[in-house]
Structures are given as C-alpha cells and as structure tokens.
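Welcome! Take a moment to turn the model around on your screen, and then let us walk through its helices, pockets and cavities together.

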Amino acid sequence: MTIEGRQGGASKRRLRLGMVGGGRGAFIGAVHRIAARLDDRWELVAGALSSDPQRARDSAADLHIAADRAYSDFCEMARAEAWRPDGIDAVAIVTPNHLHHPAARAFLDAGIHVICDKPMTATVAQAEDLAAAVEASGRLFALTHNYTGYPMVRHARALLAEGGLGTLRVVQVEYPQDWLTVSLEATGQKQAAWRTDPVQSGGGGCIGDIGTHAFNLAEFVTGLHCTQIAADLSSFVEGRRVDDNVNMLLRFSSGARGMLWSSQVAPGHENGLRLRVFGDKAGLEWHQEQPNHLRVTRFGEPPRLVTRNGPGSGPAAAHASRIPAGHPEGYLEGFAQIYSDIAEQVAARIEGREPDSASLLVPTVADGVRGVRFISAAVDSSRNNAAWTALSTH
C-alpha cells in the first residue's frame, strides 16, 4: 500500500511524522521535533525512540504519543505504520550513525518517505545501497544538512548561480568547535561517547560529525563538485579512537581550489562554521554565528553587507525567512526549512501537483552518498600521508 493511496488525497492537514531515536537523554531528536513543528506542517504521532523498550515507552509518553504507536523496534514500526490508514507520512531518523542505514532501509522498503540526520550512513557500501533503495521505492529521502536552510546561505547560492562572483577560483570553509578539547567521552557524557566510538560513529570522528557539514556547505553554495582531496586527520586527545581535527586541500572539477578545516579541539570556538568564496569579480563571506549577514565585495569596491530581508537580498532568502528583518533567525529555523521544504514535496505528491521549485533545494540521497564518500576519501588520504585522493572512487 503506497503513501499516496493511504492518504487518499486528504493533504489539507498536518503531515504525520514518526521518529526513530531521539528519546530521553538525546540531543538532536528534540531539535528535529521543534523544527518540524515550527512551520506547523508536521505532527509527531509515532516513534521507536530508544533501543531500550522501557525508555522507548517512557519517551513516547513524554511526547504524548499514543501507547499503540510507541514501538520498541524500528522494523516493527515500519511494518505497522505502513498498513495503518492513518500511518505516518514520513519518518525522521535521529539515531547514532551506525543505525541510519538499517532504519532508513526498513522504512523505504515499507514505502515511507525518510528524513535522515547526517552523515547518511557509516560506510560507502551502505550509502550506495540506500541510494538504490530510494530509486527502487520512489520515496523521498531528505538529509538534514540544516545549514543549507539558512536564508543567507540560500541567497549566496543564488548569487553564485547568477555569476555574481564571476569565475570561481578559491573556496575556503572551516568549522571549529572546542567541546571535545578534553576527553569528555571518559566522563560518560552520552553525546561525546557515541561520537568518539568508531563502532557507532563510523570511520570518521570530527570529519563525519562536522566536516561533512563544511564540505556540503561548500558544494551547496558554489554548485561545484569536489573531485580530489588531500587530508590530514589528527587525534590530539590521548586515547581518542577517532579524529578530532582535520586539515584538507580541495580540488574542484571547474579548476577552483579550496581548503577545509574542521576541529573539535579549538578552544574559544563554539560553532564557528564559516564559508569564503572568491571569484575573478568578487568575493563573499558567511559566518554561522552571524547567520543573517552576508559580506559581498566586488573587486576594487568597498565591502557590502547584505542582510536577511534587507536591501539586496532576494527571493531565495525570502523563501527561507519567517520573521522581520533585524530579528535573528538561525539554527532551529534552518532545520525547520528542511522540514518545511520536504513537507511541500510530500504534499505535492498527495495532491498530484508539482512542488514549489524553491522546496527542491533540500539535500537528497545523492548528497548523502557524496558525504560518505568524502569521509572515506579523507580517511584513506590521511592514512597515505595526505596523498591526493579522488572522491569518485570512494
């Protein structure tokens, strides 16, 4: 039974969302739930919120999920929800990385749309398997690279697509944090523990957790594809089994060159995602901690500060904005934009129409595959003394 068949065209309602992971003690699940509700497009109605059955039931009760839709296993949830007349329209997967593939595969096989946290999977083979499953199922798959939902990121992408910087030459992206400067995982802190466990995080630590965000942002804004990388991955904290700092050179298919730095051991940095792009006519800079500003400088002219919903911002920024100019809009709204855009795509399928074209900028399974190949290539490059390594073969 397909989703469209179950819905019967009755799309003038909140879409029904399920969630895998995100129960008591989790961080990112709450972020997803807030984001899904922000634009009033989704309602959480079902969940397999923990691998511990009692915690799963308690977490569901906390969130007012009916007892008969509080599942102890995501496979059970996929089967049950696929056959309910009021079954979920999509599932959000917010587990540690190693569970992304089996959970996503279970729901795709059941004919249910998937919204998945990044990185998409723990291995390239799993990523390619999911891509094949998405194609075979005909379902939507969205990856929550939330920074692509920021208004000024959308504006920067539109500006570059129009040739506003000329021929692109240099791309510099960085994402420093400091929260893992000491061995936080040794204290039992849950978020640090699974992110530094290669069994749960996959082969990359910092590179998978935030390096993939930096990589995705660079490709999303510029429209360029990175073809080769030379990566140096380090584990500075004694006993840490995954990388906590990444230095990398990038080569793009267009001939542009770039650098990427991501670190979780950089004291003084909280969430310093920053992108700078330079062409032969102009350059731009965007900083996540001042997300409503985009600095654009044409060669030989004074810098110009473009603000969200201010003079110079365009329809791409307006589409991703919710509040008047001068009021900060950022992290939660970026996530919300992903949820709102995927809701538009799901609703369009229900109603048998084309979705708003602006909603199609949501990262897809193809972006997920590129992200996992990026991690694999970075790990291989670093093991080979930062040798140039092609992404296409990973």
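Helices (H or I, at least four residues) and strands (E, at least two) are DSSP runs, numbered from the N terminus. With that in hand, you can read that α8 gives the largest share of the lining of the largest pocket, four residues. This is a predicted model, in which local features need pLDDT of at least 70, side-chain atom pairs count only at pLDDT 80 or more, and totals for chains, interfaces and linings use all residues. Residues are numbered from 1 along each chain as its sequence is written, and side-chain values use heavy atoms, with hydrogens and water left out.

**Confidence**

- pLDDT is the predictor's confidence in each residue, from 0 to 100.
- The protein has an average pLDDT of 95, and 97% of the residues score at least 70.
- Over residues 1-10 the pLDDT stays under 50; for this stretch the model has 25 contacts (heavy atoms within 4.5 Å) beyond four places in sequence.

**The pockets**

- On a 1 Å grid over the protein atoms alone, a pocket is an open set of points with protein on both sides within 12 Å along at least five of seven lines, while a cavity is a set of points where a 1.4 Å probe fits but cannot get out; lining residues have an atom within 4 Å of a point.
- Grid points are joined across faces, edges and corners, and a volume is the space filled by probe spheres set on the points.
- The largest pocket has a volume of about 960 Å³.
- Its lining is made by 45 residues, and Ile28, Val94, Gln191, Trp194 and Arg195 lie nearest the centre of the largest pocket.
- Two or more residues of this lining come from each of α8 (190-195), α10 and α12 (331-351).
- For residue classes, Ala, Val, Leu, Ile, Met, Phe, Trp, Tyr, Cys and Pro count as nonpolar, Asp, Glu, Lys and Arg as charged, and the others, Gly among them, as polar.
- By these classes, the lining of the largest pocket has 17 nonpolar, 18 polar and 10 charged residues.
- The second largest pocket has a volume of about 330 Å³.
- It is lined by 24 residues, with Gly203, Gly204, Leu233, Val379 and Arg383 closest to the centre of the second largest pocket.
- Here the elements giving two or more residues are α9 (198-201), β7 (226-234) and α13.
- α13 provides the largest share of the lining of the second largest pocket, seven residues.
- Nine nonpolar, 11 polar and four charged residues make up the lining of the second largest pocket.

**The cavities**

- Searching the whole structure turns up four cavities of 30 Å³ or more.
- The largest cavity holds about 60 Å³ of space.
- Its lining consists of His145, Thr212, Phe215, Asn216, Glu219, Asp367, Arg370 and Gly371.
- Both α10 and α13 supply at least two residues of the lining of the largest cavity, and α10 gives the most, with four.
- That lining divides into one nonpolar, four polar and three charged residues.
- The second largest cavity holds about 50 Å³ of space.
- Asn97, Trp194, Arg195, Ser201, Gly204, Gly205, Gly208 and Asp209 line the second largest cavity, and α8 and α10 are the elements that give two or more of these residues.

- Glu219 sits in helix α10 (residues 206-222).
- Is Glu219 buried or exposed? With a relative accessible area of 10%, Glu219 is buried (buried means under 20% relative accessible area, exposed over 50%, partly exposed in between, with a 1.4 Å probe and protein chains only).
- Beyond its neighbours within four places in sequence, Glu219 is in contact with Leu224, His225, Cys226 and Arg370.

**Helix α6**

- The expected span of a helix is 1.5 Å times one less than its number of residues.
- Helix α6 (residues 124-137) has 14 residues and should span 20 Å, which agrees with its end C-alpha atoms being 20 Å apart.
- Val124, Ala127, Leu130, Ala133 and Val134 are buried in α6, and what covers the buried residues of α6 includes α5 (100-109), β5 (141-143) and α13 (365-383).
- Glu135 also lies in helix α6, but Glu135 is exposed, with a relative accessible area of 69%.
- The C-alpha atoms of Glu135 and Leu108 are separated by 9.7 Å, and the two residues are 27 residues apart along the chain.
- Just after α6, Gly138 takes a positive phi of about 75°.
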